[in-house]
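Dear colleague,

Please find below the structure that I am handing over to you. My notes on its side chains follow directly after it.

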Amino acid sequence: MLHKQYDVEQAKVERLISRKNQKSSIYNGIYDRYEYPVLTREFVPVHWRYDLDEKTNPYFMERLGVNAVMNAGAIF
């Protein structure tokens, strides 16, 4: 059985994903900057971060704490 807090967390992720990104007014002439980062820890799927079973995780605590994301394409 899914934890009842799952729907709240999933709604937060959906709102974040559906948000429109806007170009920032800061511009260096080469690259466009955007207001909202493309990848943050909040984009990690809810089912990765939490144990969704209400019996094994009654307080809905994070099991996989994510504090950073890497963009491998930017490294290359």
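Ser-24 is buried, as its relative accessible area is 18% (buried means under 20%, exposed over 50% and partly exposed in between, with a 1.4 Å probe and protein chains only). This residue belongs to strand β1, residues 23-27; helices (H or I, at least four residues) and strands (E, at least two) are DSSP runs, numbered from the N terminus. The Ser-24 side chain comes to 3.2 Å from the backbone nitrogen of Ile-26.

Please note that this is a predicted model, in which local features need pLDDT of at least 70 and side-chain atom pairs count only at pLDDT 80 or more, while totals for chains, interfaces and linings use all residues. Residues are numbered from 1 along each chain as its sequence is written, and side-chain values use heavy atoms, with hydrogens and water left out.

Aromatic rings

There is one aromatic pair in the structure (rings of Phe, Tyr and Trp, the last by its six-membered ring, pair if their centres lie within 6.5 Å; planes under 30 degrees apart count as stacked, over 60 as edge-to-face and the rest as tilted). The pair is stacked, because the ring centres of Tyr-50 and Phe-60 are 4.2 Å apart and the planes lie at 10°. Both residues sit in the loop between α2 and α3 (72-75), so the pair ties together parts that are ten residues apart in sequence. Tyr-50 is buried at 9% relative accessible area, and Phe-60 is buried at 8%.

Salt bridges

The whole structure contains five salt bridges (a side-chain nitrogen of Lys or Arg within 4 Å of a carboxyl oxygen of Asp or Glu). One of them joins Glu-54 to Lys-4, with the closest N and O atoms 3.6 Å apart. Because Glu-54 lies in the loop between α2 and α3 and Lys-4 in the segment before α1 (6-18), this bridge ties together parts that are 50 residues apart in sequence. Glu-54 is partly exposed at 23%, whereas Lys-4 is exposed at 64%.

Asp-32 and Lys-23 also form a salt bridge, at 3.2 Å from N to O. Here Asp-32 is partly exposed at 40% and Lys-23 exposed at 53%.

A further bridge connects Arg-41 with Glu-62, the closest N and O atoms being 3.7 Å apart. Arg-41 lies in the loop between β2 and α2 and Glu-62 in the loop between α2 and α3, 21 residues apart. Through shared partners, salt bridges join Arg-41, Glu-42 and Glu-62 into one network.

Yours sincerely

Methods:
Polar contact = N/O pair within 3.5 Å; in protein donor to acceptor, adjacent residues only side chain to side chain.
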